[in-house]
Amino acid sequence: MILAELKPIEEILSYLGGAERVLLVGCHGCVTVCGAGGQKEVDLLADTLELALKARSQTIKIGKRTLERQCDAEFLTEMLQEAKQFDVILSLACGAGVQLVAEKAGSLRVLPALNTTSIGVAEQKGQWGERCQACGDCKLPLTGGICPVTRCSKSLLNGPCGGSSQGLCEIGNGTPCGWQLIIDRLEATGCLDQYETILEPADWSSARDGGPRKLIREDLK
Amino acid sequence: MSPVKSNLQAVLQAGKFAVTAEAGPPRGVRPEVLRDKARILKGWVDACNVTDNQTSVVRLCSLAACKILQDEGQETVMQMVCRDRNRIAAQSDILGAAALGIHNLLCLSGDHQVFGDHPQAKNVFDIDSIQLLNIATRMRDESKFAGGKDIDGAPDLFIGASANPFADPFKIQVPRLAKKVAAGAQFIQTQSIFDLEKFKEWMNGVRDRGLHEQTAILAGITPIKSLRMAEYMATNVAGMDVPDAILERMRGVDKKEQKQEGIKIAVETIQQLREVEGVRGIHIMAIEWEEAVPEIVQQAGLVRG
C-alpha cells in the first residue's frame, strides 16, 4: 500500500491562511489502512483544526467527507459539487489523490494534509516499512524476493557495502542491512550461488529518471 | 607491452611490497595544505590516495587534489564514490583525470550522506562500486563508454577497489571480492586491520579461490592517535573491528605516549601482515596525521628506493 502520515498541524494551518470554509476530504484506500487519512482521521483533524483556530480567536466552517478513492475521478464528482461552498479542499489522500482532486477542482485551492512517504507493508501493529520504489524493472527474481533498490540505503545491486554490521545498516535507526536480508534469503532458499552474478548497471529509464510515467492498457480502454 | 603509466602498478608488477597512504583534501581552496602533505609523503610511499568527500563531508574535489599532489611529484590514486555522480559524471571525471596524468583509480560506493554535514542531500547511486569497476575497465580495455559508444582516446588506468573483511555478512566477503576481481579490480585496499585473526581467516578464503593471484591486496593500516580515537572507532564506526586487546594496550600507556604506542601497534601489525601469503603491500590511512607515515614506513623497514 501507499504509506502516508499527517503533516504537523502548524504547517497545515500555515497553508490554510485565512480560509474560513474548509472541506476535509479523506480516502478509504491505502491511507485508511495506515491510519493517516480515513474517516477517523478526518474527524480527528477537523477537531484539531477547530481547537487550534479557536485558540487564535478564528472561526472556521469545516465540511467532512471520505471518498472510496481519491485517485479515481469517478469517486470525486459529488464531493466536487459540495466543494463549491468552500474556500479550500484539504485532502487527506496520498500525493496522487491530492493531485487528481486538484486537477478536477477548477478554481478551488486544494491542499495536502499528509506527507506521502512510501510504498510499503504493515510490519506490525502501528508500524509500516517501505518495500518498493516503483523503479519499473523488478529485480526481485535475482535477489531472493528482497529489493536492493529499496532495502539497501545506497540501492547497491551487487552486495553489501562495508557499513553492514551485525545485520544493521550504517545509517542507524535500527535499519536492517538490505543485503544481509538478501543473503539470508538466498541462503534459506538454496540460491546463495546467485550472489556472484554481477548485475549490470540498472536501466533507470523505467524509473522516475525517464520522466513521469504513464501506464496504458489498450485492452482496457 | 608498453610500460605502464602508473608507478604503483609498476611497483606491484615488479613484485615489490607496495606502500600507499591516504591524504584528505582540505575544506577550502588552499592548495598549500596539499603541497605540505605531498612534501611529507614524497619518497615514502609509491602512491597517495586522495579521498572523495570522505564521510560525506564536502572537501576540495579528489581530481583537483590529485593534480595538485602530482604537480609536486607525488603519484596519486584518485578515489571515486558512486554517491555523488551518475555514470555520465563518473566517466567524464575518469577521462579528465587520465588526461591530467592521473592513472590510478579506486572505485568505491561511498559513505551514506547521513554521516556528513549535508544529510539533506539527495544521493545518486546510479551505479555501485562493482559496476563502476566494470565501466572503468571497459573504458580502458575496449575503449567503450558504458552506453556502448566508442571513446576517442581511451584512458590508461590502474583500477582498484576496497574490501572490508570486517563487515557483515562475513560469509559474503570473499565472494564479494571475487565479484570485484571479475569486474576488473587490479588492486585492493582493505579496511584498517586491527583484528589480525579475522583478517587471516578472510585471506584463507581469498587464497582458497586464488584471488590473491588475480589482484594485488594492500592491507589497510590506521595508526591510532589516542585512546579516544580507538574507542571511537570501536564503537561508532560501522564495519570497523577494534579488538579489546588493542583498547587495553592503549589504556595501559600514559596519554602523552599514546601516539607513539599507536605507531608501534601499526608497525607490529605491518610486520605480521608481511607474513600473510597474498598480502602485496600496505595502505596507511593516517587520518589527518600524515606525519606518522614516514615514521611507520621507516620503522617497518619499508623505505622506498
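This is a predicted model: local features need pLDDT of at least 70, side-chain atom pairs count only at pLDDT 80 or more; totals for chains, interfaces and linings use all residues.
Trainee: Which residues of H4(B) are buried?

Mentor: Ala90(B), Gln91(B), Ile94(B), Ala97(B) and Ala98(B) are the buried residues in H4(B).

Trainee: Why are these residues said to lie on the same side of H4(B)?

Mentor: The arc they cover around the axis is only 125°, and therefore they fall on the same side of H4(B). The face turned away from that buried side carries Ile88(B) and Ala99(B), which are exposed.

Trainee: What do the buried residues of H4(B) pack against?

Mentor: Their partners, all in chain B, are helix H3 (62–71), strand E3 (76–81), strand E4 (104–108) and helix H5 (129–141).

Trainee: How do you know that the span of H4(B) is close to the expected one?

Mentor: H4(B) runs over residues 87–99, which is 13 residues. The expected span is 1.5 Å times one less than the number of residues. For H4(B) this gives 18 Å, and the helix reaches 18 Å from its first C-alpha to its last.

Trainee: What makes Asn86(B) a cap of H4(B)?

Mentor: A side-chain oxygen of Asn86(B) lies 3.1 Å from the backbone nitrogen of Ile88(B), at the N-terminal end of the helix. The cut-off for a polar contact between N or O atoms is 3.5 Å, so a separation of 3.1 Å qualifies. Just after H4(B), Gly101(B) takes a positive phi of about 90°.

Trainee: Turning to chain A, why is Cys152(A) called buried?

Mentor: Its relative accessibility is 10%, and buried means under 20%, so Cys152(A) counts as buried. Cys152(A) is found in the loop between helix H6 (148–151) and helix H7 (178–188) of chain A.

Trainee: Which residues does Cys152(A) contact, leaving aside its neighbours within four places in sequence?

Mentor: Cys152(A) is in contact with Cys147(A), Gly178(A) and Trp179(A).

Trainee: How many residues does each chain bring to the contact between chain A and chain B?

Mentor: Chain A gives 28 residues and chain B gives 31 residues. The area buried between the two chains is about 2,500 Å², with 55% of it from carbon and sulfur atoms. Lys154(A), Glu196(A) and Ile198(A) supply 22% of the area that chain A buries against chain B, more than any other three residues.

Notes:
Residues are numbered from 1 along each chain as its sequence is written. Chains are lettered from A and ligands numbered from 1 in the order in which they are written. Side-chain values use heavy atoms; hydrogens and water are left out. Helices (H or I, at least four residues) and strands (E, at least two) are DSSP runs, numbered from the N terminus. Buried means under 20% relative accessible area, exposed over 50%, partly exposed in between (1.4 Å probe, protein chains only). The arc is that of the directions from the helix axis to the C-beta atoms. Contact means heavy atoms within 4.5 Å. A polar contact is a pair of N or O atoms within 3.5 Å; within protein, one must be able to donate a hydrogen and the other to accept it, and residues adjacent in sequence count only if both atoms are side-chain atoms. Buried area is the accessible area (1.4 Å probe) that two parts lose on being put together, summed over both.
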